[in-house]
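Hi everyone, thanks for making time for this. Let me bring the structure up on the screen, and then we can walk through it together.

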Amino acid sequence: MSSNIEIEAKVLLLKDEYNAIIEKLNLQKYRKIKQTNHYIDTPDRYLKKNGIALRIREKDEEFELTLKTPLSEGLLEKNENISWRDFENLSERQIFPDGNIRKFLLILGVKVSDLKVLTSLCTERIHVEFEGFGLALDKNIYSNIVDYELEVESSSIERAQQEIENILNECDIKNFSFNKVSKQARALNALEK
């Protein structure tokens, strides 16, 4: 299992803005990586209510279980590879995979037998290292909704936000606000509509 601290800033985009960033930064030369995030919680959204995010990312026929918990700045992220069978057992039988994330959830008082896959979000992602930071440009599809998002991961939230502002200014995108609503929250909120 790996752990890291994730510090990123995000902004939702219009389709035209998404295309303008691809063109201006010459990102069309990069392969779009397709991945599906399967979001996990209890039926009463226990994890969401406690600021915890849990997902399984499916990419290239590999499955990675990720737990995110809030820190004073950023998120503590724990990752663990699981098998296709583990994913199937959780999604079809509500059997949570054994491992360190399960142990961590139990320490937090989470009843793992209540956890299940509630919804999924498919992403086409362009991910590059750009001027010393990580840049991800995403097209997301969930619950018949399509949205576009720019993410910048950096050493501090201030630096990540500044880098986004620089990119948006370079692409002549003036009206924007930083997005505090995660993909998981958007996908789960769409279920409730």
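Predicted model: local features only at pLDDT ≥ 70, side-chain atom pairs only at ≥ 80, totals over all residues.

Let's begin with a pair of charged residues: the side chains of K183 and D138 form a salt bridge, with N and O 2.8 Å apart. By salt bridge I mean a side-chain nitrogen of Lys or Arg within 4 Å of a carboxyl oxygen of Asp or Glu. This pair joins distant parts of the chain, since K183 sits in helix α6 (residues 183–191) and D138 in strand β8 (residues 133–142), 45 residues apart.

Residues are numbered from 1 along each chain as its sequence is written, and side-chain values use heavy atoms, with hydrogens and water left out.

Are K183 and D138 buried or exposed? Both of them are buried. I call a residue buried under 20% relative accessible area, exposed over 50%, and partly exposed in between, using a 1.4 Å probe and protein chains only. K183 counts as buried because its relative accessibility is 6%.

K183 has another partner: it also forms a salt bridge with E149, and the closest N and O atoms are 2.8 Å apart. K183 is in helix α6 and E149 in strand β9 (residues 145–153), so this pair ties together parts 34 residues apart in sequence. E149 has 0% relative accessibility, so E149 counts as buried too.

Now follow E149 onward. E149 forms a salt bridge with R186, where the closest N and O atoms are 3.2 Å apart. Since E149 lies in β9 and R186 in α6, this pair ties together parts that are 37 residues apart in sequence. E149 and R186 are both buried.

Which residues are linked in the network of salt bridges? They are R125, D138, D147, E149, E151, K183 and R186. The count of salt bridges comes to 14.

Here is a contrasting case. R57, in strand β4 (residues 53–59), is buried yet has no salt bridge; the nearest side chain of opposite charge, E64, is 5.3 Å away. For charge, Lys and Arg count as positive and Asp and Glu as negative, with His and the chain ends not counted. What the R57 side chain does make is a polar contact with the side chain of N37, at 2.9 Å. A polar contact is a pair of N or O atoms within 3.5 Å; within protein, one must be able to donate a hydrogen and the other to accept it, and residues adjacent in sequence count only if both atoms are side-chain atoms.

Next, please look at helix α1 (residues 15–24), where E17, Y18, I21 and I22 are buried. They cover an arc of only 140° around the axis, which puts them on the same side of α1; the arc is that of the directions from the helix axis to the C-beta atoms. On the other side of α1, K15, D16 and E23 are exposed. The buried residues of α1 pack against β2 (8–13), β7 (116–130), β8, β9 and α5 (157–170). After α1 comes N26, whose phi is positive, near 55°.

In soluble globular proteins, nonpolar side chains tend to be buried together. A nonpolar core here is a set of buried Ala, Val, Leu, Ile, Met, Phe, Trp, Tyr and Cys residues joined through side-chain atoms within 4.5 Å. The largest has 23 residues, and among those with the most contacts inside it are L13, I21 and L27. Which element gives the most to this core? Helix α5 does, with four residues. A second, separate core of 17 residues includes L47, F87, F96 and V110.

One last stop: helix α3 (residues 84–93), whose buried residues are F87, E88, N89 and L90. Among the elements covering them are β3 (33–41), β4 and β5 (62–70). Q94 follows α3, and its phi is positive, near 60°.

Definitions and conventions:
Helix = DSSP H or I, 4+ residues; strand = E, 2+ residues; numbered from the N terminus. Contact = heavy atoms within 4.5 Å.
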